[in-house]
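Here is a friendly walk through one protein chain, with the sequence and the 3D view side by side.

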Amino acid sequence: MADPFGFLKFDRKDNPYRDVNDRVLDFKELQTPLDEKERQEQAARCMSCGIPFCHSGVFYGGKRAVSGCPNDNLIPEWNDLVYRGEFKKAFERLTRTNYLPEMTGRVCPSPCEKSCTEALNGSGVTIHDNERFIIDTAFEQGWVKESGMPVERYDYKVAVIGSGPAGLSAAWRLNRLGYQVTVYEKSDRFGGLLMYGIPNMKLDKDVVNRRISVMKEVGIKFQANTEIGKDLSYDQLASEFNRIVLAIGAGVARDLPVVGRQAEGVQFAVDFLTEVTKEVLESADKKLPKSLEGKKVIVIGGGDTGNDCIGTAIRLGAASVRQLEITPQLPESRAANNPWPEYPMTNRLGYGQEEAINAGNINLTQYTRSTTEIIVDDSNNVKAIKTVQVDPSFQPVPGSEEILEADLVLLAMGFVGVQKEILEQFEVTEVYDDNSTNNEKVFVAGDAKRGPSLVIWGIREGRLTAEKIDKDFQSQKELESQAV
């Protein structure tokens, strides 16, 4: 499998990021892919190890995190095929389990790479970038559309509510299995958080639209601007479709219940990112005016969304950016209780943080800091926030209060769960491990079931939901044929 000495011959080489001073001038993609020869060399680094931990998702920490890929991706196999130049076969192996590798190949944090055997005494194989190469090549060659055409078509209809990773994955697999699929989306564009929750420089929206276009070409129907409970009821869906998949995400954002929260200039991160992405999509050159020029921006919360807000604020010309995290700073190297192949819980500098520091925001992130009040002016505009240091139990430390000036406060504290009123409309009171529910017509998949999670989890659950629906349908057909 691959070159048994590849990891000794070739050093790890990631798709390089554009120069920090250039990339902050626009919202174009951050990375520049390696050429074909370099990519094959990187695939050659796959070690032919006896036990490939990369493609086996193992939970740890009370199921709070996963080691390896939770989607059962056949990583060593398609690494070998890339090394050999058999790109179509690599695509076929990759997409046996992952129906949206162009997304994961850009935004996944790659727990597979961290559990790679080569990472025991090195930096791991560039699985993430190899995946992107395979699928981008497949789109160029027309293999994606070819792979999505159903062999036969049933008179059996499935509605998919939500067009994020879980919804798109379920729709793709269901269509491939021969079902008539319609995807409903409440927004004006398809993709869910892939479209509006992740900024363009991290995931170019042309990539999302490319996938939607192919899905339409292979027979999947899409309907935007359709909100369940408002534009379409459960009864209407139940009368038209045999099965319904709720892939509506964990759309309830965690709020900040403090005095002054309703001030102008205090905004949920996802709303801020959505507004900016809409402007980028209307821009011919993916550049925007410096709408935050002279403004002081504070991002409350870490993680990917907080980092995305920082990078976006820098591109919009913010005079200063600060970030507050309530948790302590992570260590620079693995702790003793966080061994390989677990995902390393270590401090990393995000692309947005790098850009902010490069722009002069030296003391960018304050850890163990909580916001206790939002201070407003006479016109109810935010002008500052009151903060306090917290101890390991998140209790305020007396005498540690600090006031920070702000013109824009972005709440990037994650999401707390699904909109329960939608589940109630669909008469769902229980969701089972196989994504079925107490309502035999309704399935719940992705973040709507498991809470805020990675794109790859959504893809996995969409796939498994589609296969559960197919299994039930085939069993029903078999029983009907026996009855005849």
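Is Pro70 buried or exposed? Pro70 is buried, with a relative accessible area of 5%.

## Before we go on

This is a predicted model, in which local features need pLDDT of at least 70 and side-chain atom pairs count only at pLDDT 80 or more, while totals for chains, interfaces and linings use all residues. Residues are numbered from 1 along each chain as its sequence is written, and side-chain values use heavy atoms, with hydrogens and water left out.

A few terms will come back. Buried means under 20% relative accessible area, exposed over 50%, and partly exposed in between, with a 1.4 Å probe and protein chains only. Helices (H or I, at least four residues) and strands (E, at least two) are DSSP runs, numbered from the N terminus.

## Around Pro70 and helix α4

Pro70 lies in the loop between β2 (65–67) and α4. Leaving aside residues up to four places away in sequence, Pro70 touches Gly57, Ile456, Trp457 and Arg460, where contact means heavy atoms within 4.5 Å. For a sense of distance, the C-alpha atoms of Pro70 and Val181 are separated by 26 Å, and these two residues are 111 residues apart along the chain.

Helix α4 (residues 75–83) is mostly covered, since seven of its nine residues are buried. Those buried residues are Ile75, Pro76, Trp78, Asn79, Asp80, Leu81 and Val82. Their cover includes α3 (36–43), α5 (87–94), α7 (111–114) and α8 (127–141). After α4 comes Gly85, with a positive phi near 80°.

## The five-stranded parallel sheet

An open sheet of five strands runs in the order β5-β4-β3-β6-β17, with parallel pairing; two strands pair if DSSP finds at least two bridges between them. Because β5 (221–223) and β17 (442–444) stand at the edges with a single partner strand each, one side of each is left without a neighbour in the sheet. From one strand to the next, the twist averages 20°. Axes here are lines fitted to C-alpha atoms, for helices over the stretch in contact, and angles run from 0 to 180 degrees between N-to-C directions.

Helix α19 (residues 455–483) packs on this sheet and touches β3, β6 (243–246) and β17. The direction of α19 makes about 155° with that of β17. Within the sheet, β3 (residues 157–161) and β4 (residues 180–184) pair in the parallel sense over five bridges. Ile161 stands opposite Tyr184 in β4.

## Other strand pairings

Elsewhere, an open sheet of three strands has the order β12-β13-β14, with antiparallel pairing. Its edge strands are β12 (369–376) and β14 (402–405), each pairing on one side only. The twist in this sheet averages 30° from one strand to the next. Seven bridges link β12 and β13 (residues 382–389) in the antiparallel sense, and Ile375 has Ala384 in β13 as its bridge partner.

Strand β9 (residues 296–300) is mostly covered, with four of its five residues buried. Five bridges join β9 to β10 (residues 320–324), and the two run parallel. Ile300 has Leu324 in β10 as its bridge partner.

## What lies on the surface

Which residues form a nonpolar patch on the surface? They are Leu349, Ile357 and Ile362, with about 300 Å² of accessible area together. Ile362 sits in the loop between α16 (351–358) and β11 (365–366), and at 61% relative accessibility it counts as exposed.

Pro392 is found in the loop between β13 and β14. Pro392 is exposed, with a relative accessible area of 80%. Pro392 and Thr368 are 24 residues apart in sequence and 8.1 Å apart in space, C-alpha to C-alpha.

## Backbone details to look up

Most residues other than glycine have a negative phi, and most peptide bonds are trans. Asn225, in the loop between β5 and α13 (234–240), has a positive phi of about 55° although it is not a glycine. Asn435 also is not a glycine, and its phi is positive at about 75°.

Asn435 belongs to the loop between α17 (420–425) and β17 and is buried, with a relative accessible area of 2%. Finally, the peptide bond from Trp340 to Pro341 is cis, with omega near 10°. Pro341 is placed in the loop between β10 and α16.

Technical notes
Patches are made of residues with over 30% relative accessible area and no salt bridge: like charges are joined within 9 Å, nonpolar side chains (Val, Leu, Ile, Met, Phe, Trp, Tyr) within 5 Å. Accessible areas come from the Shrake-Rupley method with a 1.4 Å probe; for residues, only the protein chains shown count as cover. A salt bridge is a side-chain nitrogen of Lys or Arg within 4 Å of a carboxyl oxygen of Asp or Glu.
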